Amino acid sequence: MAKKDIDWGNIGFEYRVTDKRYVCNYKDGKWEEGGLTTDPMVVMSECAGVLQYSQSCFEGLKAYTTKNGDIVCFRPDLNAERMYDTAKRLEMPPFPKDKFIEAVHEVVKANADFVPPYGSGATLYIRPYMFASSPVIGVKPADEYQFRIIVMPVGPYYKGGLKPNVVKISDFDRAAPHGTGHIKAGLNYAMSLYAGVKAHEEGFAENFYLDPATRTKIEEAGGANIIFVTKDNKLVVPKSPSILPSITRRSIVYVAEHYLNMQVEEREVFLKEVPDFVECGMCGTAAVISPVGKINDHGKEICFASGMETAGPVITKLYETLTGIQMGSVEAPEGWIHKID
Ligand SMILES: *Cc1c(COP(=O)(O)O)cnc(C)c1O
């Protein structure tokens with residue numbers, strides 16, 4: 001085994017075909033054995049449920065090489081659990097959680113040569129997903145499904161340190177009350193692309209979505225949860241039933257409480273109180289934390305004290321501690337790091 005000849009420091013966040021993927025089919029009311037394959041193509045009916053009524057969901061997590069050379073992944077049990085909940089809400093057969101974790105281990109191990117070396121800033125992105133594969137034309141859940149995990153090395157999100165972003169308050173809604181905002185369904189992304197493209201055209205990195213019922217409360221960004229820091233050093237995290245339960249955000253809350261001795265408030269956050277905060281960030285697996293320097297609310301700018309040059313001190317500390325836990329330089333809480341062997 002030898003590492004692939006890849007310029008680890010200069011790869012982007014892009015699909016790349018690796019050696020092996022994990023595939024498991026659901027048929028006749030049960031999940032088959034499942035296993036690794038080299039075939040990167042999916043062949044299915046032209047009338048597959050996923051193609052007609054978008055019955056699909058996904059997860060995202062990463063594997064890293066630690067300082068002492070181990071390959072590890074971060075809290076895959078929480079991805080297994082979240083995908084289980086997502087599948088139930090979409091009338092898909094939930095994939096067994098133990099089997100999910102085993103499959104992650106198996107596919108990462110089989111692609112060990114693609115796991116970027118320690119210190120390169122790059123990581124192995126792991127994408128488990130599931131879709132309806134059998135024909136459906138009258139609206140109903142499909143009878144057959146495929147669960148698949150692909151992996152690919154992805155580059156460092158930040159080449160020049162933690163650079164603050166400018167975001168906008170969106171006029172579009174991401175998730176309806178009592179809808180599917182809390183699950184990781186492909187459909188949530190399909191309908192947010194329009195708002196995302198518009199925001200990018202206007203020069204913003206991301207959209208901040210408000211609660212659709214009252215449009216007075218901050219919910220989350222298109223693919224990341226939001227955190228704030230108060231003047232007196234508290235972490236404030238928006239809470240709503242339509243926010244996707246980010247594993248990064250839940251880990252940050254734990255790190256703030258147990259490593260940085262901060263107080264954490266998980267509560268509704270009103271747009272009108274946002275100017276009182278001193279730091280803001282977006283969190284998710286891809287970037288861990290992206291600092292926000294400025295929010296544009298219909299032409300009115302909310303500028304955080306941390307400014308546009310670097311991330312504020314609290315977000316920097318949270319970022320360093322959490323990435324330290326992931327990369328093995330800071331001691332991890334029990335059960336967070338799964339060694340691949
Ligand atoms: C995946 C996702 C996140 C981030 O979740 P992580 O588990 O931290 O990667 C946040 N918001 C939405 C809408 C998501 O789909």
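User: Quick one to start. Is K294 buried, partly exposed or exposed?
Analyst: This is a predicted model. In it, K294 is partly exposed, with a relative accessibility of 22%.
User: Which residue does K294 meet in a salt bridge?
Analyst: E301. The N to O distance is 3.7 Å.
User: And how accessible is E301?
Analyst: E301 has 44% relative accessibility, so it counts as partly exposed.
User: How many salt bridges does a search of the whole structure find?
Analyst: It finds 14. One of them joins the side chains of K217 and E268, at 3.0 Å from N to O.
User: Why does that pair tie together parts that are apart in sequence?
Analyst: Because K217 sits in the loop between β10 (206-210) and β11 (218-221), while E268 sits in the loop between β14 (264-267) and β15 (279-284). The parts they tie together are 51 residues apart in sequence.
User: Is K217 buried or exposed?
Analyst: Buried, at 17% relative accessibility. The cut-off for buried is under 20%. E268 is partly exposed, at 40%.
User: New topic. Which residues are linked in a network of salt bridges?
Analyst: D232, K234, E265, R267 and E273.
User: Is D232 buried or exposed?
Analyst: Exposed. Its relative accessible area is 54%.

Notes. Residues are numbered from 1 along each chain as its sequence is written. This is a predicted model: local features need pLDDT of at least 70, side-chain atom pairs count only at pLDDT 80 or more; totals for chains, interfaces and linings use all residues. Side-chain values use heavy atoms; hydrogens and water are left out. A salt bridge is a side-chain nitrogen of Lys or Arg within 4 Å of a carboxyl oxygen of Asp or Glu. Helices (H or I, at least four residues) and strands (E, at least two) are DSSP runs, numbered from the N terminus. Buried means under 20% relative accessible area, exposed over 50%, partly exposed in between (1.4 Å probe, protein chains only).
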